[in-house]
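Below is a brief report on one protein model. Have the sequence and the coordinates open while reading.

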Amino acid sequence: MKRPKAPRVARSLDALLSASDGAGSLLAAAEQLGRLERDVHALLPAPLAVSVRVAPPRDGALVFLVANNALAARLRQQTPSLIDGLAARGWLIRTIRIRVSITAPEPPKPPKEARLSRQGLVSLRDLRDTLEPSPLRDALARLVARHSYGGTRKP
């Protein structure tokens, strides 16, 4: 005879991640890394702070990930004061390593290609024809020509 199964009780994500098993230690490590990153960014000049990512420290060595060598050189100049500042905030960091982390560039966005409805095109032509010669009329003439059938299109 089978035993009846205990009803499942819904638990919050916080309760699951705070449990004593592996997920709980993951949450604690993520929170600690977040606090460390906030402290690092507070100690760095604002233009430099937005370009620095912090990797988890190992054996007292903190690793910064930056996008290029120029940022790495600038950050190397800041390391002694960073170590002192982090020590004052309670972090035991002995060394700082800086790695250039080249990421793949984002693919270019396709150019926007606006299309005018037939009625919109007729309305713009009528407006163009009622205007006196002016830069506005010239701009409308170019717009109508570009969107007319067989008109010139930008490549």
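## Basis

This is a predicted model, in which local features need pLDDT of at least 70, side-chain atom pairs count only at pLDDT 80 or more, and totals for chains, interfaces and linings use all residues. Residues are numbered from 1 along each chain as its sequence is written, and side-chain values use heavy atoms, with hydrogens and water left out.

## Hairpin

Strand 1 (residues 53-58) pairs with strand 2 (residues 61-66) in the antiparallel sense, over 4 bridges. Pairing requires at least two DSSP bridges between the strands. Helices (H or I, at least four residues) and strands (E, at least two) are DSSP runs, numbered from the N terminus.

Arg-58 stands opposite Ala-61 of strand 2. The hairpin has 2 residues between its strands, and Asp-59 takes a positive phi near 50°.

## Nonpolar core

The largest nonpolar core holds 19 residues. Such a core is a set of buried Ala, Val, Leu, Ile, Met, Phe, Trp, Tyr and Cys residues joined through side-chain atoms within 4.5 Å. Val-40, Leu-44, Leu-62, Phe-64 and Leu-75 touch the most other members. Helix 2 (22-43), helix 3 (46-49), strand 2, helix 4 (69-88) and strand 3 (95-100) each supply at least two residues of this core. Helix 4 gives the largest share, 5 residues.

Leu-44 touches Ala-49, Val-52, Leu-75, Gln-78 and Leu-82, not counting residues up to four places away in sequence. Contact means heavy atoms within 4.5 Å.

## Asp-39

Asp-39 is found in helix 2. Asp-39 is buried, at 17% relative accessible area. Buried means under 20%, exposed over 50%, partly exposed in between (1.4 Å probe, protein chains only).

The Asp-39 side chain makes a polar contact with the side chain of Arg-89 (3.2 Å). A polar contact is a pair of N or O atoms within 3.5 Å; within protein, one must be able to donate a hydrogen and the other to accept it, and residues adjacent in sequence count only if both atoms are side-chain atoms. Asp-39 touches Leu-86, Arg-89 and Trp-91, not counting residues up to four places away in sequence.
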